[in-house]
Amino acid sequence: MDAIQQHMLDSYRAAQLSEPAPPPPGRHDRAVLRDLYRHWLTHPSTRAPRDDSSPSAPPSPSGA
């Protein structure tokens, strides 16, 4: 089921229960992306800096 079909089903259920219809899909996408970008700009990375002074082999894909 895609977002449009889910929205249609939710709208139908809301109408049957005399509740307000949900917002259409994608309505708040720009605001969410803008907030995420602002958060990314204002909060430093939490990853530890990598120490390149000690040679080490990269982890193997098998995990061994």
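**Exposed residues and helices of the predicted chain**

At 57% relative accessibility, A21 counts as exposed, where exposed means over 50% relative accessible area, buried under 20%, and partly exposed in between (1.4 Å probe, protein chains only). The structure is a predicted model, in which local features need pLDDT of at least 70 and side-chain atom pairs count only at pLDDT 80 or more, while totals for chains, interfaces and linings use all residues. Residues are numbered from 1 along each chain as its sequence is written, and side-chain values use heavy atoms, with hydrogens and water left out.

The chain contains two helices and zero strands, these being DSSP runs numbered from the N terminus (helices H or I, at least four residues; strands E, at least two). Of its 64 residues, 2% count as buried.

Helix α1 spans residues 3-16, and its 14 residues reach 20 Å from the first C-alpha to the last, close to the 20 Å expected at 1.5 Å a residue, the expected span being 1.5 Å times one less than the number of residues. In the loop between α1 and α2 lies S18, which has a positive phi of about 55° although it is not a glycine. Most residues other than glycine have a negative phi. S18 counts as exposed because its relative accessibility is 69%.

A21 is also placed in the loop between α1 and α2, and its C-alpha atom is separated by 9.6 Å from that of M8, 13 residues apart along the chain.

L36 belongs to helix α2 (residues 29-42) and, at 52% relative accessibility, counts as exposed.
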